[in-house]
Amino acid sequence: MSQSLQFFTPATGSPSLSAFQNHSSYSIPTLSCLRSRNCRFPVTLTGNMLSIWALDLDSSSSSQVLVSDNGRGGGITSSASPEYSSAVVSDLSSIEVDSVTATELKENGFRSTRRTKLVCTIGPATCGFEQLEALAVGGMNVARINMCHGTRQWHKMVIERVRRLNEEKGFAVAIMMDTEGSEIHMGDLGGASSAKAEDGEIWTFSVRAFDSTLPERTINVNYGGFAEDVKVGDELVVDGGMVRFEVIEKIGPDVKCQCTDPGLLLPRANLTFWRGGSLVRERNAMLPTVSSKDWLDIDFGIAEGVDFIAISFVKSAEVINHLKSYIAARSPESDIALIAKIESIDSLKNLEEIIRASDGAMVARGDLGAQIPLEQVPSAQQKIVQVCRQLNKPVIVASQLLESMIEYPTPTRAEVADVSEAVRQRSDALMLSGESAMGQFPEKALTVLRSVSLRIERWWREEKHHEAMELPAIGSSFSDSISEEICNSAAKMEVDAIFVYTKTGHMASLLSRCRPDCPIFAFTTTPSVRRRLNLQWGLIPFRLSFSDDMDSNLNKTFSLLKARNLIKSGDLVIAVSDLLQSIQVMNVP
Ligand SMILES: Nc1ncnc2c1ncn2[C@@H]1O[C@H](COP(=O)(O)OP(=O)(O)OP(=O)(O)O)[C@@H](O)[C@H]1O
Ligand SMILES: CC(=O)C(=O)O
Ligand SMILES: [K+]
Ligand SMILES: [Mg+2]
């Protein structure tokens, strides 16, 4: 037995479309009735014809109500829908899902799958094939490579290993390349993994190029204007306060500094300088967001077909737009998503326009905390997460989530509280940096992120903590508004799962934006879309080839998922698609 309702909008260009276009958005009141199951729903006709649906979940007669524009200004047609075949489709490989997701779905049921996505920075501690596999098994959804470190050859090797992992083991781990950006930072310490600066020591910060070995207590600075810009008396802050120096003398390209806050200097650590208690920004604001090295790295990312490029120190929407057109010109076929890293004062000032222009954002708390007072970072995080959700862009919370786990096998209570807060804010993803790149316990750190996410998400559902986040209408076209209405309505219903059939991923992201209580099975035809969706909250992406015929798509999906014990008869599913902009509700046969 099946019941369905379908929502059609006429093909673009149809003459009768003008009737719809007078409405920028439609409400779908009937659908909210579905929240209480098994009741009858009235057919209501509102305005010119769109919000007019009915279904009857108790009835054994399977009826289908189609609301469509039939070329005469709309109408209702009723038709019997086909019985869903329970025959098992023999080709089980025609749906792609990784073994970890499949096991999780089978063992815990799909209600309790993890909704928050996990990003791991890959470094020396995790670049081996087995180590990468262990991270994928542990829940890594996205592997990040940071172009600040390592050679291009090394990055290429990591990308190839992740690809192989996906091909051989069925994972859909996406690859994110993070650009270096052109803020001021130290050089690479002549190969040393760290250097200790003691209280009162005099160190030389120099813009000179050193051939081989660095003289003792000397740090190379990447920004040519450094010696010119700093003044005696300025405070030089390394990595947002890990170490501090005071400028005591300038000698040509060398700047002598005395250590005032001792600590560990790490290769390529970020440098900021402060005068009279405020950040000196006149000059480094002139540095380009995308350096000449970044352009080469971006070319490399395009050639390698990475899924995401994260842009460091974004200052305005302009740079994102510029990069987008560059990538489109360079590789018209690619659908690389651009993630704006919010880690500077300028990016906070232009937050909304930057996020609007981007495909997602990262709360890069490491550098952000070096540019604004630390006590302002939590409210900035909350604001960025909120703006991203409203504009329907995935958001990653990054840096120092489990910093102590670089050295220790258990996190601090404060770190667990910080992770919980990011999950409670319902950010799309959490990111590990040094914990997974060079820490001693990468897998343990990932396990902590996973178990804290699961626990907080479950608590949230059980306590019915539905936050009242206003989700403004964002659709800019008639068709987008319809998709949005469909997704908003679908997400409100108390069903066991939402299925979404999506070619571009857009409808899946609209569902994710609503943060529904039930999981979202996202079916898409393209592997790259599947990987991209892996960054978004609550989506379980599958690759599946499907047609324009929703009945046959559902038939096929039910058979495939039932054969793998991923769903069972009787589960109540709501299915939406961007093929026909349809919405259907049914029990799994
Ligand atoms: N490819 C790599 N090779 C060697 N070490 C790495 C690599 N990637 C990361 N690391 C180490 O892990 C630490 C944290 O990594 P991560 O890339 O997250 O730095 P970050 O400072 O948070 O990011 P960003 O430089 O973008 O601000 C780095 O400081 C570095 O020591
Ligand atoms: C991740 C990053 O770039 C930062 O936190 O600064
Ligand atoms: K970076
Ligand atoms: Mg940064």
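Guide: Ligand 1 is surrounded by 17 residues. A residue counts as near if its C-beta atom, placed from the backbone, lies within 6 Å of the molecule or strand. Gly123, Asn146, His149, Gly150 and Ser433 are the closest. This is a predicted model: local features need pLDDT of at least 70, side-chain atom pairs count only at pLDDT 80 or more, and totals for chains, interfaces and linings use all residues. Residues are numbered from 1 along each chain as its sequence is written, while chains are lettered from A and ligands numbered from 1 in the order in which they are written.

Now the shell by class. Ten of its residues are polar, five nonpolar and two charged. Here Ala, Val, Leu, Ile, Met, Phe, Trp, Tyr, Cys and Pro count as nonpolar, Asp, Glu, Lys and Arg as charged, and the others, Gly among them, as polar. Two helices, α11 (365-371) and α14 (434-437), each supply at least two shell residues. Helices (H or I, at least four residues) and strands (E, at least two) are DSSP runs, numbered from the N terminus.

Next, the domains. The chain is divided into domain 1 (4-95 + 471-587), domain 2 (113-177 + 293-462) and domain 3 (189-286). These bounds come from an automatic or database domain assignment. Between domains 1 and 2, 20 residues of domain 1 are in contact with 21 of domain 2; contact means C-beta atoms, placed from the backbone, within 7 Å. On the domain 1 side, α17 (506-513), α18 (527-533) and β24 (539-544) each supply at least two residues. The largest share, four residues, comes from α18.

Methods
Two residues are in contact if their C-beta atoms, placed from the backbone, lie within 7 Å.
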